[in-house]
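Colleague: Could you take me through the pockets of this model, with the cut-offs stated as you go?

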Amino acid sequence: MRDGIKLAAKLWVPELVEKTTDKSEEGEKYPAILEVLPYRRADYMAPRDEKTHSYFCSHGYVCVRVDMRGSGDSEGFYYDEYEKQEQDDCCDVISWISQQNWCTGNVGMYGKSWGGFNSLQVAARRPAALKTIISADSSDDRYADDIHYRGGCVLGREMLSWAHIMFLWNARPPYPESLGPRYLFYLP
């Protein structure tokens with residue numbers, strides 16, 4: 001990221017198809033689909049991610065699943081939902097993806113719930129490489145129609161159980177295989 005923080009990601013890349021043109025030496029380029037979540041990609045969400053992103057990949061897209069800043073194996077801290085920092089990070093990741101030699105320069109965002117919310121918010125920022133979003137189970141009106149609020153009122157029971165689970169998941173250490181030898185000395 002622009003401030004030096006490193007975000008953890010997993011990529012799904014389509015199998016290369018042999019080409020008979022001179023361009024085959026340059027390598028295949030694909031549009032990309034990005035998903036950015038605070039839910040751990042290396043363990044907690046791995047089965048769901050594998051199913052979803054493998055499907056998109058089998059249809060000719062590179063898929064990029066990123067652990068949001070301060071979650072999973074990503075460095076840094078996050079303090080609340082949908083902060084400007086999260087949007088800035090998404091814009092930086094979109095820019096990075098669009099410049100990779102395997103990308104056509106076209107990036108889409110995909111998300112359900114949290115990923116749907118951040119897709120809508122990032123789309124409103126209009127990063128140049130972002131061409132489309134798929135936003136499910138989300139809203140552009142957090143005051144009236146959010147998982148945590150209805151008409152501006154906090155939904156107590158639902159909010160409390162979700163906040164408790166998020167606190168526990170994010171208190172877990174990074175996945176050791178992601179950090180290698182520095183895992184033993186990792187301090188956020």
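Modeller: In what follows, Ala, Val, Leu, Ile, Met, Phe, Trp, Tyr, Cys and Pro count as nonpolar, Asp, Glu, Lys and Arg as charged, and the others, Gly among them, as polar. The model is predicted, so local features need pLDDT of at least 70 and side-chain atom pairs pLDDT 80 or more, whereas totals for chains, interfaces and linings use all residues. Residues are numbered from 1 along each chain as its sequence is written, and side-chain values use heavy atoms, without hydrogens and water.

Colleague: What is the volume of the largest pocket?

Modeller: A pocket is an open set of points on a 1 Å grid over the protein atoms alone, where a 1.4 Å probe fits, with protein on both sides within 12 Å along at least five of seven lines; lining residues have an atom within 4 Å of a point. Points are joined across faces, edges and corners, and the volume is the space filled by probe spheres set on them. For the largest pocket this comes to about 290 Å³.

Colleague: Which residues of its lining are the closest to the centre of the largest pocket?

Modeller: The largest pocket is lined by 14 residues, of which ten are nonpolar, two polar and two charged. Those closest to its centre are Tyr78, Tyr79, Met166, Phe167 and Asn170.

Colleague: Which helix gives the most to the lining of the largest pocket?

Modeller: Helices (H or I, at least four residues) and strands (E, at least two) are DSSP runs numbered from the N terminus. Met166, one of the residues closest to the pocket centre, is found in helix 4. With seven residues, the element giving the most to this lining spans residues 156–171 and is helix 4.

Colleague: Is Met166 buried or exposed?

Modeller: Buried means under 20% relative accessible area, exposed over 50%, and partly exposed in between (1.4 Å probe, protein chains only). Met166 has a relative accessible area of 6%, and is therefore buried.

Colleague: With which residues is Met166 in contact, leaving aside neighbours within four places in sequence?

Modeller: Contact means heavy atoms within 4.5 Å. Pro38 stands 128 residues from Met166 in sequence, while their C-alpha atoms are 8.6 Å apart in space. Pro38 is on the list of contacts, which reads Pro38, Tyr39, Tyr78 and Trp114.

Colleague: Which strands give two or more residues to the lining of the second largest pocket?

Modeller: The second largest pocket has a volume of about 220 Å³, and its lining divides into six nonpolar, one polar and four charged residues. Among them are Glu35, Leu37, Tyr110 and Lys112. The elements that give two or more residues are strand 2 (30–37) and strand 4 (103–112).
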